[in-house]
Amino acid sequence: MKVLGIETSCDETGVALYEHGRGIVAEALASQAAVHAQFGGVVPELASRDHISKLAPMVCTVLDDANSSLEELDAIAYTAGPGLIGALMVGGALAESLALGLGIPAIPVHHMEAHLLACLLERDPPEFPFLALLVSGGHTQLVEVRELGRYRIVGETLDDAAGEAFDKVARLLSLPYPGGPALAALAEDGDAERYAFPRPLKGRGLDFSFSGLKTAVRLAVEAESREHGGSLPDAVRADLAASFQAAVVDSLVSKCGRALDETGLGRLVIAGGVGANRNLRATLAELGEQGGAQVRYPRPALCTDNGAMVAYAGACRYSGGTAAGHRIIARPRWPLDELSPP
Ligand code: KG4
Ligand code: ZN
């Protein structure tokens, strides 16, 4: 069984070919960071246009690299949401039209389900059920994953997503877009204890909140800037970045600990772009060692957006018997717990 996966929900164009028994046999990824950098964030119209110009050639490249062809495909999976409507429609239109022409099914994939399942592409994959920490640019959720399509959200952010907080604080520190990785790099040289930033909702329930933390960082940035005659010395920026990152990681990790206790699950899986953060990965690994839970995370390239996770999620749904009609599905908002098993 061969399934082509197409990801165009935001600012990465991802294409991959998944083959049952072999795994991902070829993949391609094009980042739009350079397109959006001058605007400090993703410009939806530019994202759609860039996907349009890159996507079809990337499909050809992936098939060539895999020594395969369109005729050998059994299904084509594409991200149908959540995401930017125009960007989603680029992937959906190509996937549905190719599938229609080839007489095979197109499988609409939920982007967050694809993130959740990405760790199953790694060697020695975790078994169901597990607890997942889903941390991306638009989502921060703790999800009880019983099986494919059976998800219960046990905690989520009440305001900003963790990735969004990284991106906003990166802007306060004059770091280039995309902010998360740049902030993490700056934090490496900083003192994480220099500023005692708040850990909102710590010790209470399983929900997260990051907007108060972001305000606390903004106030600290303004105070330091006044102190230093209007600009921030690099050492101060690094300390601010490290202290902010420590607060986010502490909030995420402490809620993971509580959620493992409350659900009684013994496995924790990390998914989504912020899952690429080294500090978060290391601290969660410690949590697992202390509490006897198995902690798994996919390699960083499988945490951030990619075509491989979409091909894999599509293959799982296809082999589970998900019915597909040839209608382009693009859902900017799509709650994860609306999904059901195939
Ligand atoms: O999952 P993803 O690639 O796209 C969405 O579905 O949103 O996540 C992107 C988010 C961005 O906010 C980005 O700044 C953040 O993940 N991110 C990171 C790191 N790498 C990506 N945040 C912190 N540390 C990183 N190393
Ligand atoms: Zn994503």
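How many nonpolar, polar and charged residues does the shell around ligand 1 have? In this predicted model, the shell has 6 nonpolar, 11 polar and 2 charged residues. Here Ala, Val, Leu, Ile, Met, Phe, Trp, Tyr, Cys and Pro count as nonpolar, Asp, Glu, Lys and Arg as charged, and the others, Gly among them, as polar.

Residues are numbered from 1 along each chain as its sequence is written, while chains are lettered from A and ligands numbered from 1 in the order in which they are written. Local features need pLDDT of at least 70 and side-chain atom pairs count only at pLDDT 80 or more, whereas totals for chains, interfaces and linings use all residues; side-chain values use heavy atoms, with hydrogens and water left out.

**Ligand shell**
- Among the 19 residues around ligand 1, those that come nearest are His115, Gly137, Asp167, Gly273 and Asn277; a residue is near if one of its heavy atoms lies within 4 Å.
- Domain 1 (2–117 + 302–338) and domain 2 (128–297) each give at least three residues to this shell, the domain bounds coming from an automatic or database domain assignment.

- Polar contacts are pairs of N or O atoms within 3.5 Å.
- Asp167 places a polar side-chain atom 2.6 Å from an oxygen atom of ligand 1.
- A polar backbone atom of Val274 is 3.5 Å from an oxygen atom of the ligand.
- Asn277 has a polar side-chain atom 3.0 Å from a nitrogen atom of ligand 1.
- Of the 560 Å² of accessible area that ligand 1 has on its own, the protein covers 86% (Shrake-Rupley method, 1.4 Å probe).
- Helix H4 (111–117), helix H5 (162–172) and helix H6 (179–187) are the elements that give two or more residues to the shell; helices are DSSP runs of H or I with at least four residues, strands runs of E with at least two, numbered from the N terminus.

**Backbone geometry**
- Most residues other than glycine have a negative phi, and most peptide bonds are trans.
- Gly81 and Pro82 are joined by a cis peptide bond with omega about -15 degrees, and Pro82 is in the loop between strand E4 (75–81) and helix H3 (85–102).
- The bond from Tyr177 to Pro178 is also cis, with omega near -5 degrees; Pro178 lies in the loop between H5 and H6.
- Asn67, although not a glycine, has a positive phi of about 55 degrees, and is located in the loop between helix H2 (44–65) and E4.

How values were computed:
Polar contact = N/O pair within 3.5 Å; in protein donor to acceptor, adjacent residues only side chain to side chain.
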